[in-house]
Amino acid sequence: MIVVAGEALIDLVPQGTGALAGLKPALGGGPFNTAVALGRLGSPTAFCSRTSYDAFGEALLDRLRETGVDVSAVQRGAEPTTLAVATLDVKGSASYAFYVEGTADRLFAAPEELPAGTRAVSFGTCSLVLEPGATAYETVLRRAAAQGVFTALDPNIRTGLIPDADAYRARFKSWLPSVSLLKLSEEDAQWLGGTPREWLAAGPSAVVITHGGDGLTAFTRDGSVYPVPGEKVEVVDTIGAGDTVNAALLHGLSARDALSAEGLAGLGAEGWTRLLRFAARAAAITCSRAGAEPPYASEVGEA
């Protein structure tokens, strides 16, 4: 079982240009997208979060169930669902404004234990910023690592939600001893500061950096660097592409029985190259269609 911990929200995606363009609601949130992608790829997956009893919350849970994701660890509340208003540039890249005050996912409480059979837990995005939920998710991260569970982190920076950049950067560094696999975009890496080597020295066994359409690169503890190019595709938008990479990496590592520090170290050049190419294919498919619609296993081939 791979557990994805974090928020589920509604993306309001513009259907045209200008401030008054019509907005179409879409199911989203980085962790939610990662869970859906894992389910579609065929990995046994559970979602650990807190969602609203409102219609949006029900729709989010319905999508997870349809994808085969276990939602028994999802907490519920009467507060409204978080909204993220997306803006797309001419290349299809998305930026977001968030409506988060008093929403259900912010009140997540750390569970006493993870679902039975948990082999890995994935964290990231808004859930590690917005209190009091951020501290609860941080607790889950540290507990999982202390128990020897494989942990994956994608900070997926949303600068509009971070009031104190230096405090967040310090907090990010404090998480690294509890992280097995760190994945982040090139833009996030630049914003956070530091280098893959510095991050590896602090804890993770591997760091994967995505470069948009130019592919992704893995850095490992032994000093190896494994770059792969991106898959060429006509981009509709990039919503959910990074989340698909998260899922593809975890799915591929699970398929190789490599969800451990030893497993990552044993992949070697061939293993890392195949894994990263699989992630690039999966992300390209997501980019080729509107909204966060990650591929099914039949669309992307073997990990």
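This is a predicted model: local features need pLDDT of at least 70, side-chain atom pairs count only at pLDDT 80 or more; totals for chains, interfaces and linings use all residues.
Me: How are the rings of Phe 108 and Tyr 137 arranged, stacked or edge-to-face?
Reply: Among the 6 aromatic pairs counted, Phe 108 and Tyr 137 have ring centres 4.0 Å apart, with their planes at 5°. Planes under 30 degrees apart count as stacked, so the arrangement of Phe 108 and Tyr 137 is stacked.

Me: How many residues apart in sequence are the parts that Phe 108 and Tyr 137 tie together?
Reply: Phe 108 belongs to the loop between β8 (94-99) and β9 (120-124), whereas Tyr 137 belongs to helix α3 (residues 133-146). Phe 108 is buried at a relative accessible area of 3%, and Tyr 137 is buried as well, at 1%.

Me: Is the pair of Phe 172 and Trp 199 stacked or edge-to-face?
Reply: Phe 172 lies in helix α4 (residues 165-175) and Trp 199 in helix α6 (residues 196-202), so the pair ties together parts that are 27 residues apart in sequence. Both residues are buried, Phe 172 with a relative accessible area of 1% and Trp 199 with 3%. Their ring centres are 6.2 Å apart and their planes stand at 90°, so the pair is edge-to-face.

Me: Over which ring does the charged end of Arg 169 sit?
Reply: Tyr 168, Trp 175 and Trp 191 make up one aromatic cluster. The charged end of Arg 169 is placed 4.2 Å from the centre of a ring in Trp 191, and the ring over which Arg 169 sits is therefore, with a cut-off of 6 Å to the centre and 35 degrees to the normal, that of Trp 191.

Me: Which strands stand at the edges of the sheet of 8 strands?
Reply: The sheet is open and of mixed pairing, with its strands in the order β4-β1-β9-β10-β11-β12-β13-β14. Each edge strand has a single partner strand, so one side of each is left without a neighbour in the sheet, and these strands are β4 (45-48) and β14 (225-228).

Me: Which residue in β14 is the bridge partner of Thr 217?
Reply: Strand β13 (residues 216-220) and β14 run antiparallel and are joined by 4 bridges. For Thr 217, the bridge partner in β14 is Pro 227.

Me: Which residues does the network of salt bridges around Arg 63 and Glu 293 join?
Reply: The whole structure holds 14 salt bridges, one of them between Arg 63 and Glu 293, whose closest N and O atoms are 3.8 Å apart. This pair links helix α2 (residues 55-66), where Arg 63 lies, to the loop between α9 (268-287) and α10 (297-300), where Glu 293 lies, 230 residues apart. Salt bridges with shared partners join into one network the residues Arg 40, Arg 63, Glu 66 and Glu 293.

Methods. Residues are numbered from 1 along each chain as its sequence is written. Side-chain values use heavy atoms; hydrogens and water are left out. Rings of Phe, Tyr and Trp (its six-membered ring) pair if their centres lie within 6.5 Å; planes under 30 degrees apart count as stacked, over 60 as edge-to-face and the rest as tilted. Helices (H or I, at least four residues) and strands (E, at least two) are DSSP runs, numbered from the N terminus. Buried means under 20% relative accessible area, exposed over 50%, partly exposed in between (1.4 Å probe, protein chains only). Two strands pair if DSSP finds at least two bridges between them. A salt bridge is a side-chain nitrogen of Lys or Arg within 4 Å of a carboxyl oxygen of Asp or Glu.
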